Amino acid sequence: MYTEVAASEVVHGVKAEDETPMAETMMAVAKALEAQGGTTITRIVNIDKIILPEEMAALEVLPVREQLLVFLSVIGFEEQVNAALAADADGLSAETVALKEQIQSRIAAMDAAAYAEFKAALLESFPQEAIEIDDVEYSFFVLELEVRTGDEVRYERYGFRMEDGAWIFTRLEIGR
């Protein structure tokens, strides 16, 4: 069961009412989660359905921020990731850049049938849906994180709406 967080409530340094771009939002969330220390483990729900086991193993050793940026880049949001990185002094590690390029190269080299399977898995695991807000239809995308701190597991669904060519943070739901 999920509960929507009030748009004005700050969770991991972000709030939906600010309507920040997707990559900036997820970078802030990742930094906040990483600051919690070694007992917090964060995982992108369903990522294992679109990357290979060896890619997953390489991804899991990266900091959460870099995991999220690789994920967003390889599923088609690289422009937003690059824009967010341009304003961020930390950049990406060489290992992260290499992994991102490896995954992107694998996807680019797929034949039509393999790419169709990949695209179907991507849309099933990370659908973009049409929603209506105040009589205006928007494309909506949800990214779900599993956050483990000790024995406690919490799921966080970050919702993004396409507006003026950019995906912006507009909704957060928390589940246990």
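Rings of Phe, Tyr and Trp, the last represented by its six-membered ring, are taken as a pair if their centres lie within 6.5 Å, and a pair is called edge-to-face if the planes are over 60 degrees apart. In the structure examined here, which is a predicted model, the count under this rule comes to seven aromatic pairs. One of them is formed by Phe77 and Trp167, whose ring centres are 5.8 Å apart and whose planes meet at 80°, so the arrangement is edge-to-face. This pair links distant parts of the chain, since Phe77 belongs to helix H3 (residues 64-86) and Trp167 to strand S6 (residues 166-175), 90 residues apart. Both Phe77 and Trp167 are buried, and together with Phe141 they form one aromatic cluster.

The packing of nonpolar side chains was examined next. The largest nonpolar core contains 47 residues, of which Met26, Ile50, Phe71, Phe141, Leu143, Leu145 and Phe160 touch the most other members. Two or more residues are given to this core by each of helix H1 (22-35), helix H2 (53-60), H3, H4, helix H5 (112-125), strand S4 (136-149), S5 and S6, and the largest share, 12 residues, comes from H3. Met26 illustrates the contacts involved: when residues up to four places away in sequence are not counted, Met26 touches Leu68, Leu72, Leu143, Leu145, Tyr158 and Phe160. In soluble globular proteins, nonpolar side chains tend to be buried together.

Charged side chains contribute 17 salt bridges to the structure. In one of these, the side chains of Lys100 and Glu78 meet at 2.6 Å, N to O; because Lys100 lies in helix H4 (residues 94-108) and Glu78 in helix H3, the pair ties together parts that are 22 residues apart in sequence. Lys100 counts as buried, at 10% relative accessibility, whereas Glu78 is partly exposed, with a relative accessible area of 23%. A second salt bridge brings together the side chains of Arg176 and Glu152 at 2.5 Å, N to O. Arg176 lies in the segment after S6 and Glu152 in strand S5 (residues 152-163), so this pair ties together parts that are 24 residues apart in sequence. Arg176 counts as exposed at 61% relative accessibility, and Glu152 is partly exposed, with a relative accessible area of 44%.

Salt bridges that share partners also join Glu4, Glu144, Arg157, Arg171 and Glu173 into one network. Glu17 counts as partly exposed at 46% relative accessibility, and Lys15 counts as partly exposed at 23%.

Conventions
Residues numbered from 1 in each chain as written. Predicted model: local features only at pLDDT ≥ 70, side-chain atom pairs only at ≥ 80, totals over all residues. Heavy atoms only, no water. Phe/Tyr/Trp six-rings, centres within 6.5 Å; stacked < 30°, edge-to-face > 60°. Helix = DSSP H or I, 4+ residues; strand = E, 2+ residues; numbered from the N terminus. Buried < 20%, exposed > 50% of the residue type's maximum accessible area, 1.4 Å probe, protein only. Salt bridge = Lys/Arg side-chain N within 4 Å of Asp/Glu carboxyl O. Core = buried A, V, L, I, M, F, W, Y, C linked by side-chain atoms within 4.5 Å. Contact = heavy atoms within 4.5 Å.
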